[in-house]
Amino acid sequence: PLWLGPNAVVAVAMALMVWGLIEAGSGGWGSTRALGPVVAGALILAGFAAAGLPRLDQPSEATRLVAAGLVMMMLAILSVVGTVFFVITFMQNVLGYSPLRAGFGLLPFGVTAAVLAPMGARLIRRHGRMPLVVVAIGCEAAGLIGLSRITPTSTYVGIGIFLALFGAAMAIFPAVSLDLALSNAPPDRGGVVSGAHAAALQ
């Protein structure tokens, strides 16, 4: 099938990056076993994106705004992956949580994002994109700064508050980035842009 090739490329790239992350636990981040697969996977994804992303036949300003929406979503998801990896590792290796308890420890992030996400479109219509972007950036900055300062003596309540702030930011970013991309895309390319946004979200 036509979809098998692209999916196989992405699967190989992601497998390499995960393998590198796993190897970093034993060999360290500076080891070739960790950096090699991560860099290789990233290069494969970059090459795939450069070769396969759809071109939008629009004026340059509109094209830049569509790209900005997609890049905003990708950066938000990258921050989620890094933060979840750090928090899970901290809870298990420093606080002594079991894997199950550490998973439950992420609930403030997930619950906050799930509760606020359905409100995104309504908030955009009422307040516009820019105020929401400012709020999202503020919440994410506060959450990340707070999480960067946790210590072995930190309480879960404090960690949970920072996770909730981070979750609030991640509830806003998808709605804002999708609205920005779709509102500047040609009418006949809405499906393509929406699919690209969904891919960035994954």
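**Residues and helices in a predicted model**

Q: Which helix holds alanine 168 in this predicted model?
A: In this predicted model, alanine 168 is located in helix α8, which covers residues 156-183.

Q: Is alanine 168 buried or exposed?
A: Alanine 168 is buried, because its relative accessible area is 11%, and the cut-off for buried is under 20%.

Q: What does alanine 168 touch, leaving out residues up to four places away in sequence?
A: Thr112, Leu116 and Cys139 are the residues that alanine 168 touches on that basis.

Q: And how are alanine 168 and proline 108 placed?
A: They are 60 residues apart along the chain, and 9.7 Å separates their C-alpha atoms.

Q: Turning to helix α7, which of its residues are buried?
A: Cys139 is one of them, and the others are Leu132, Val133, Ala136, Glu140, Gly143, Gly146 and Leu147.

Q: What span should α7 have, and what does the model give?
A: Helix α7 comprises 20 residues, 129-148, and at 1.5 Å a residue should span 28 Å; the C-alpha atoms at its ends are 28 Å apart, so the two values agree.

Q: Why does glutamate 23 count as buried?
A: Its relative accessibility is 17%, and buried means under 20%.

Q: Which residues are in contact with glutamate 23, apart from neighbours within four places in sequence?
A: The contacts of glutamate 23 are Gly28, Arg33 and Ala34.

Q: What joins the side chains of glutamate 23 and arginine 33?
A: A polar contact of 3.4 Å links those two side chains.

Methods:
Residues are numbered from 1 along each chain as its sequence is written. This is a predicted model: local features need pLDDT of at least 70, side-chain atom pairs count only at pLDDT 80 or more; totals for chains, interfaces and linings use all residues. Side-chain values use heavy atoms; hydrogens and water are left out. Buried means under 20% relative accessible area, exposed over 50%, partly exposed in between (1.4 Å probe, protein chains only). A polar contact is a pair of N or O atoms within 3.5 Å; within protein, one must be able to donate a hydrogen and the other to accept it, and residues adjacent in sequence count only if both atoms are side-chain atoms. Contact means heavy atoms within 4.5 Å. Helices (H or I, at least four residues) and strands (E, at least two) are DSSP runs, numbered from the N terminus. The expected span of a helix is 1.5 Å times one less than its number of residues.
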